[in-house]
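Here's a quick briefing on a protein model, meant to be read with the structure open beside you. Take a look at it first, then go through the notes below.

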Amino acid sequence: MASKKQPHFVIVGGGLSGSLAACYLGSAGYRVDVYELRGDMRAGGIPGGKSINLALSHRGIEGLRRVGLADAVLAHAVPMHGRTMHAVDGSLSLQPYGRDPSQCINSVSRGQLNITLLEAADTYDSVSLHFNEKCTDVDIDGGDVFLEHMKTGETRTVHADIIISADGAFSAVRHAMQRRVGFNYSQNWLEHGFKELVIPAGADGAFAMEKNALHIWPRHSYMMIALPNADGSFTCTLFWPFKGESSFEAIKTEGDLMRFFTKNFPDAVPLMPTLPKDYFENPVGALVTVRSSPWYHEDKVLLLGDAAHAIVPFYGQGINAGFEDVLVMGECMDRFGDDWGRIFEETHRIRKDNVDALADLALHNFIEMRDNTGTRRFLWRKKLERVLHRIFPKWYIPLYSMATFTRMPYTRAISRAKTQDRVVIACAISAVVIGAATVWQWVMR
Ligand SMILES: Cc1cc2nc3c(=O)[nH]c(=O)nc-3n(C[C@H](O)[C@H](O)[C@H](O)COP(=O)(O)OP(=O)(O)OC[C@H]3O[C@@H](n4cnc5c(N)ncnc54)[C@H](O)[C@@H]3O)c2cc1C
């Protein structure tokens, strides 16, 4: 009996999700061609992009672990054990992320992570990487991928049995899917944009602030955060409205900038010697939530990562969710062999509602981070969560911990957190009632 012909895969996008998917398919022996818009970052020059560093946590690490890459990536990471809040008066408060230092998130360089993944994908004989190749369109039913070379302008068409779309929030493959009846799509822009700034390393690569923390300057309608880099510097990201009295639009001169920073981030200013240059040279990025469905078409096309579901970055889960998509696809490959229709359908079924819930969580967490993290009420709530988690480690797990340190589906984590909170409130009310009744009885005796 003739053996079944192995499908040929084209992956559009050699970013983080795309190069991890190439490793998964390459390790299973499939023939894969990856077409990436940008040049080969292994040849030098990591391009500017969405963010210089990323917080990588359990779901992302598990996605890397399946193809043996977790340790190589974590070797370059800076662990962050908690959030350090910077008040306007310069006072600091630290909130640990987990119950002990092993529960941390990891600051990794986006460029270094992508290089590690591309190098790993390139070790598989059946995987070929092609750079400076822009996908301009796709024939979903026919399997044709239309490409334009970014340097020569040359156009060509390649054929694939299966197309994996990992070309990010503005995916060309998803765009082709959007023209099909039954494909749903929405995009919502945030009123806030973001700009990256730098706190450089001190002498001998010393960190200018606590190294193993994610730093936050919560200022109600806006905020700045900083993640450590392995070279001793911090990458700061200012999240601020595009327009309005206090906004990117309002800063016209170096004087405007320094007045704003000195008033609102006084402890950061002395650590940012290149602030004016960084501010006026770096672009303002935009933040979008993209939802789409279904993420697949028969056994021909699958959307992964931001191409399927871009989310705002405030839960630090974007690429973790992208890597978990790839991991779930891998787990479905184990279950369904080469039945790609089943694999895609099941990957979508398992992931879709969860990533939608994550998108809402990320939007909500922006309000929490900028408005609440500095308040006493928030600090007490976090303390109470930690105490309850320590006393009842199996029963009470804070939502952040479930999302960040486990692979519990996001929807289940959210409903479990609601139940936990209801029980805690009911216990607190009962304790107050019983206490009041006891005092009343004692007084009446
Ligand atoms: C400011 C900011 C901070 C963030 N911080 C975090 C964080 O701390 N933790 C976290 O988990 N997530 C974070 N994220 C989210 C994370 O960056 C994304 O979820 C992640 O980059 C998605 O990876 P991806 O590979 O799916 O898409 P992308 O990273 O967008 O990669 C898509 C790739 O496809 C290529 N491409 C695009 N179009 C084409 C085309 N037409 N043809 C060929 N190739 C194409 C691109 O060049 C790119 O290489 C952050 C995002 C932002 C904006």
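**Around the ligand**

The ligand is surrounded by 31 residues, and the closest are Glu36, Ala55, Arg110, Asp306 and Ile319; a residue makes the list if one of its heavy atoms lies within 4 Å of the molecule. Keep in mind that this is a predicted model, where local features need pLDDT of at least 70, side-chain atom pairs count only at pLDDT 80 or more, and totals for chains, interfaces and linings use all residues. Residues are numbered from 1 along each chain as its sequence is written, and side-chain values use heavy atoms, with hydrogens and water left out.

**Polar atoms at the ligand**

- Asp306 has a polar side-chain atom 2.8 Å from an oxygen atom of the ligand.
- Ile319 comes in through its backbone: one of its polar backbone atoms is 2.8 Å from a ligand oxygen.
- Gly15 also uses the backbone, with an N or O atom 3.5 Å from an oxygen atom of the ligand.

**How the chain is divided**

- There's domain 1 (8-76 + 109-186 + 290-366), domain 2 (188-286) and domain 3 (381-444), with bounds that come from an automatic or database domain assignment.
- Taken over C-alpha atoms, the centres of domain 1 and domain 2 are 30 Å apart.
- Domain 1 puts 14 residues into the contact and domain 2 puts in 13, where contact means heavy atoms within 4.5 Å.

**What holds the interest between domains 1 and 2**

- Together, domain 1 and domain 2 bury about 1,000 Å², with 69% of it on carbon and sulfur atoms; that's the accessible area (1.4 Å probe) the two parts lose on being put together, summed over both.
- On the domain 1 side, β3 (53-56) and α10 (340-372) each supply at least two of the residues that touch domain 2. Helices (H or I, at least four residues) and strands (E, at least two) are DSSP runs, numbered from the N terminus.
- β3 gives the largest share of that side, 3 residues.
- How many salt bridges are counted between domain 1 and domain 2? The count is 0, using a side-chain nitrogen of Lys or Arg within 4 Å of a carboxyl oxygen of Asp or Glu as the test.

- Most residues other than glycine have a negative phi, and most peptide bonds are trans.
- Ser293 and Pro294 are joined by a cis peptide bond, with omega about -10°. Pro294 sits in the loop between β17 (285-293) and β18 (296-297).
- Asn132 has a positive phi, near 60°, and is found in the loop between β8 (127-130) and β9 (133-139).

Methods. Polar contact = N/O pair within 3.5 Å; in protein donor to acceptor, adjacent residues only side chain to side chain.
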